[in-house]
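Open the complex in your viewer and keep the selection panel handy.

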Amino acid sequence: MKFTFATVQYESGDWDSAPLLAANVIDAVARYTSIDVAPAGAIVPLSSEALLRYPLAFLTGHLPVRFTVAERAMLRKYCERGGLLFVDDHNHDVDGVFHKTCTEELSQTLGPLANIPNTHALYKAFFTFRDGPPTTSHELNGWGDNLVHDHLQGIERNGRLAVIYSSKDYSSEWSFHPENKKFLSVDNTRFGVNLVVYALTR
Amino acid sequence: MPSRADAGTATIPGQGTNTAHLLRVVGGVLHGIGVLCMLLLAWRLFTPAPDRPMMASVTSTGTIDRSLGELLQAHRDTIDVTLDGTPSARARAELRAVRASGHTLRLAAPTARPALAIAAEQEWKASGGTRVQVVSGDPARQVVADAAGLIDSITIDSAGLRTRSGPLEGAVTVGAAAVTPLAASSPDTARVLVLGAAMWESRFLIAALEEAGWPVDAAVSLSPKVTITQGASPSPNRSRHAIVVLLPGAPSSAIAALPAFVRSGGGLVLVGEASRAGGLGALRAGMPGVTMRGEMGAEASDEPRHGLDLVPITTLAEGGVALESRDGRVAVAARRVGAGRVLQVGYDNSWFWRMGGNDAAPVAHRRWWSTLLSGLVPLRASAGGVEVTPEHDTLDAAPVAALARDLGLPVIRTATTVTSMPASFTASLDPRWLLAGALLSLVASWTLRRWRGLA
């Protein structure tokens, strides 16, 4: 069975705001590791049992997020059983609607978010990020909330991260045509490899 | 009319005639005995004596070597052994050697022992406990007790096997039989090493084992040059690891060390496609067949493993035992290799059972894996002491089964039948006594004849 990068589809908001992100993460995983990765990602409804076939799933958006009852139940089941949901705020704005509503939904469903220490295994899972989560060009350019977020946030289940929440806007940072990666002096999707490797090994 | 003197004279010849007649008869009898002894001697010497069944009473206390030694001195081809107890590993080894040396070995037991087998092993898991397995051909109720008193009664069903787990003290008795539980290795030496590639199966298997209380080391391959390790020793190490779980995609350097690891007493679990790895042919419990896809949706049913992909075990290796089947195909099998054990699990991607199964799936998945691995932890004797077989660094955990495997089960004979088994007439004739009888008889016969002649 191959590793398949899954993007979560939810009823509210714009779940498909970063359509090129999956291809770039898949490219990075295939480029740097020998993980047997499916060449195309999958789109999985959050309320569907099919989500359980993808223990790592990605959720993003700009718009307000309100989970349905079925989506909440499935998200709870998914995390209890060992799934890892990576949520990224495409607005990069802690005052934005996505951040406010999504963190509220996550807290109500799974419990409060807490800062992930920058010494966490996530930052050494494959590449080493000594300063924690890598910054994005959107942060450095002062877009969104004009903040450089020092930490990612998370929710643990059974001693393992079940949710990783990012306000850094990796959705924008990684959403470019894979052909253009060759123009980057440093591959900015390397942290995506860490996410995948962490999910597969911890 | 004869005078008194005549009468007396007449009487004396009559007495002499009787004495001579008596001497002649005795001489004839002695001569006959002598001739008979000569004939028997000739018959004994020229007629091959049939095998004389040699009786030996074998107990499990270690007297078999002396008994057999004396019997073998007699150069008999057939040896009958009456077992009055379960022979120890050493006694079985002696009997195997006798059979291998060309002798016909016939085992008998004086009474039919109840068909009851008990195995008691301490379970290696965080909650502790002792697993008692009882097999009986007689579906009867058995009372389980330990040193602290009665515990429970169990009814052996038609399948013949009942398992009971729980905290027990000291020796375990089931009915009239008692066993000393075998203890699992200490946690320090019961570590599990998981070898595989970075994929969901390794991730969820490690999680399940850790949640069940197993200390886990791991070496997970990410690329030809990068392996993620967990724990101090990422390669099989008998001094640290009790069990190695081999998943598909494991580093080849670690696989090369597995045969020696198993032969020295380690446990090995081959999972799914990993059983096809090169260099493991001598370890496999059976040949892996063509992979079969799981039944869609079955992972959430009452038979969740029907939903998993399966690499069926098509042909069991010598000594391989099927432990679980699916649709008539062997799904899990085990065998002993050297002093170690190998478990071949045909199911692949069992992680989906945990993720996609019903509400009980996470616990069931964890428990299933933990139970499988519990059977591979090397056991050691507890305070009661269990004999260690000379050929394996392992315990004599199933002496009756080993007896059946090595020598066959004994034939049930009543004590009367055994003791009344007659020795043949020919075999009972000792040539030395026959020769002595013949000589004495003929010499006595000759002496009497001479005496008669002198008289």
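**Before you click**

This is a predicted model, in which local features need pLDDT of at least 70 and side-chain atom pairs count only at pLDDT 80 or more, while totals for chains, interfaces and linings use all residues. Residues are numbered from 1 along each chain as its sequence is written, and chains are lettered from A and ligands numbered from 1 in the order in which they are written.

**Stop 1: colour by confidence**

The predictor gives the complex an ipTM of 0.92 and a pTM of 0.66. Helices (H or I, at least four residues) and strands (E, at least two) are DSSP runs, numbered from the N terminus. Select residues 1-12 of chain B as well: pLDDT is below 50 there, and the stretch has 2 contacts beyond near neighbours in sequence. A contact here means two C-beta atoms, placed from the backbone, within 7 Å.

**Stop 2: the sheet in chain A**

Show chain A as a cartoon and find the open sheet of 7 strands, ordered β2-β1-β3-β4-β7-β6-β5, with mixed pairing. Two strands pair if DSSP finds at least two bridges between them. At the edges are β2 (42-45) and β5 (114-115) of chain A, each pairing on one side only. Select β1 (residues 6-9) of chain A next: 4 bridges join it to β2(A), and the two run parallel. V8(A) is opposite V44(A) in β2(A).

Then move to D169(A), in the loop between β7 (160-166) and α5 (170-173) of chain A. This residue is not a glycine, yet its phi is positive, about 65°. Is D169(A) buried or exposed? D169(A) counts as buried, with 25 C-beta neighbours inside 10 Å; the cut-offs are 20 or more other C-beta atoms within 10 Å for buried, 12 or fewer for exposed, and partly exposed in between, with C-beta atoms placed from the backbone.

**Stop 3: where the chains meet**

The contact takes 17 residues from chain A and 18 residues from chain B. On the chain A side there are 8 nonpolar, 6 polar and 3 charged residues (Ala, Val, Leu, Ile, Met, Phe, Trp, Tyr, Cys and Pro count as nonpolar, Asp, Glu, Lys and Arg as charged, and the others, Gly among them, as polar).

**Stop 4: two hairpins in chain B**

Select residues 321-326 and 329-337 of chain B: these are β20(B) and β21(B), antiparallel over 5 bridges. A322(B) has A333(B) as its bridge partner. The hairpin has 2 residues between its strands, and D327(B) in the turn has a positive phi of about 55°. D327(B) counts as exposed, with 10 C-beta neighbours inside 10 Å.

Technical notes
pLDDT is the predictor's confidence in each residue, from 0 to 100.
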